[in-house]
Structures are given as structure tokens and as C-alpha cells.
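Visitor: Could you walk me through this model and tell me what stands behind each word you use?
Guide: Gladly; ask away.

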Amino acid sequence: MDLIAELSAWRSLCIIRAPEIADPVGLGSTLVEAGLPIVEFSFTTPNAPALMAQAAKVDGLILGAGTVMSEQNARDAINAGAKFLLTPGLRPKVVAEATRRGVPVVLGAMTPTEVADAVDMGATAVKVFPAARLGPDYFKDLHGPYPGTPLVATGGLNAANAAEYLEAGALAVTAGSGVVSPALAAESRLAEIRQRASEFVDAVALAKRH
């Protein structure tokens, strides 16, 4: 799976971070239907690999695993059907396992030094967090020394500000609790999730490409 091509095409992904996900198949299907098919299930959710295995059955879903902290997490996620991995920081052992299995990995970073380290470790893309605190101009600044590095803006993004980050040079932006809040995931309120996802997708579509 060519993760960069998918992120370039969709320009967005959705992070599911909730204590409970009542219906992973319904949730995945809803996000695909809303035009937000790249979806990360986080290891902060109990029994995350089992939920991933269920979601992996959804047609059109590009399933990823988030908050991957160890080689074991990486193995469990890939075995459950995850097509890419994301980490909150620099995790060289996760990169090694992902590379061994031929799975792309997005490493988390904040500072310019961490972005460089992520690239050196073999990251497919770099997740810059917390994006909303850093601001869109930070992505312009990073593209000065790192013009070809694929950057994914994560943290505090919503339909009101997502386009700014894309226009500032982010390859893609992430929808988090603003689209799938813990309560919506736990209660499987799919109609509300679909509405929020559609609003985020519409906002992304307005961003000018560079």
C-alpha cells in the first residue's frame, strides 16, 4: 500500500481514540461513506487489535494503528490487518518491525531535530503534534529545511482550521475527537459521526493545492 499516494489523494485521516468502540465495523463503514477512509485505531483503546481485526473487514477502509509504542504493538497491529502504523514519538524499534514487514510507518515529531531524526529512521511520513498549538506557519517554516518531507498535521484540528494547515504545506490533516468523540464511539452514534466527518471532508476539499 502506497501511503503517501493515499494521503496525497485524500489529504485527511481520522484518529479514533476512545475508551470504548461499540461497533468498529459500523464506524469504519460510516467514515468510508463520508469520504474519510484512512482511519487509525489507537492502542490507547482496550483490546485495540481485536477492534482492528473487525474494522479490517470494511470495504474501502485504509486501516492504520496509532500510538504504536513497541515491536509487539507493531506485530499485533499488522497481524490484525493494519496497513500502516503511527507513533506519538520516535520509536526506532517500531520502524524496524514495520520495515521488516513491509508496512509504512508515520513517526511523531515536534521539533526540527525530531523531524530530521524521524526521516533518518526511515519514516514514510512525519506526524507533527500538537499542530494547533504550533500553528499553520510552523509547517511553512519546517518546509524551509525539509522541503520534500511529507508532514501530517495532528492535534486540535477541525473543519474550521484544517484547510489552513494544508495550504501551509501539510500533506494531510487529521480529524480527531471533533469528528469521533469518545462518547460518539462508545454509543455508536453513527449519524452524528457521518455529519461531522462530512463537514471535515468538505473543509479539506476547499484547501488549495500547492
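Visitor: Which residues does Ala-186 contact, leaving aside its neighbours within four places in sequence?
Guide: Ala-186 has Glu-20 and Ala-22 as its contacts once those neighbours are set aside. They are called contacts because heavy atoms of the two residues lie within 4.5 Å. Before we go on, this is a predicted model, where local features need pLDDT of at least 70 and side-chain atom pairs count only at pLDDT 80 or more, while totals for chains, interfaces and linings use all residues. Residues are numbered from 1 along each chain as its sequence is written, and side-chain values use heavy atoms, leaving out hydrogens and water.

Visitor: Is Ala-186 buried, exposed or partly exposed, and how do you know?
Guide: Its relative accessible area is 26%. Buried means under 20%, exposed over 50% and partly exposed in between (1.4 Å probe, protein chains only), so Ala-186 counts as partly exposed. Ala-186 sits in helix H10, residues 182-187.

Visitor: What follows H10, and what makes Ser-188 worth a look?
Guide: Ser-188 belongs to the loop between H10 and H11. Its phi is near 55°, a positive value in a residue other than glycine. Most residues other than glycine have a negative phi. With 26% relative accessibility, Ser-188 is partly exposed.

Visitor: Where is Asn-47, and what can you say about its phi?
Guide: Asn-47 is in the loop between E2 and H3, and its phi, near 60°, is again positive without the residue being glycine. At 60% relative accessible area, Asn-47 is over the limit for exposed, so it is called that.

Visitor: What makes you call Ser-42 buried or exposed?
Guide: Its relative accessible area is 1%, so Ser-42 is buried. Ser-42 lies in strand E2, residues 38-42. Beyond its neighbours within four places in sequence, Ser-42 is in contact with Ile-16, Arg-17, Ala-48, Gly-66 and Thr-67.

Visitor: How do you know what kind of contact joins the side chains of Ser-42 and Arg-17?
Guide: The distance is 3.2 Å, and the contact is polar. That word asks for a pair of N or O atoms within 3.5 Å; within protein, one must be able to donate a hydrogen and the other to accept it, and residues adjacent in sequence count only if both atoms are side-chain atoms.

Visitor: Ala-48 belongs to H3; why do its buried residues go together?
Guide: In H3 (residues 48-55), the buried residues are Ala-48, Leu-51, Met-52 and Ala-55. They cover an arc of only 100° around the axis, so they are on the same side of H3; the arc is that of the directions from the helix axis to the C-beta atoms. Their cover includes helix H2 (24-33), E2, strand E3 (62-66) and helix H4 (71-80).

Visitor: How are the strands arranged, and what counts as pairing?
Guide: Eight strands close into a barrel, in the order E1-E2-E3-E4-E5-E6-E7-E8, with parallel pairing. The twist averages 30° from one strand to the next. Two strands pair if DSSP finds at least two bridges between them.

Visitor: What hand does the unit of E5, H6 and E6 have?
Guide: E5, helix H6 (residues 112-121) and E6 form a right-handed β-α-β unit. A crossover is called right-handed if, with the strands pointing away from the viewer, the path from the first strand over the helix to the second runs clockwise.

Visitor: Is the peptide bond from Phe-129 to Pro-130 cis or trans, and how do you know?
Guide: Omega is near 0°, and the bond is cis. Most peptide bonds are trans. Pro-130 is in the loop between E6 and helix H7 (131-134).

Notes:
Helices (H or I, at least four residues) and strands (E, at least two) are DSSP runs, numbered from the N terminus. Axes are lines fitted to C-alpha atoms, for helices over the stretch in contact, and angles run from 0 to 180 degrees between N-to-C directions.
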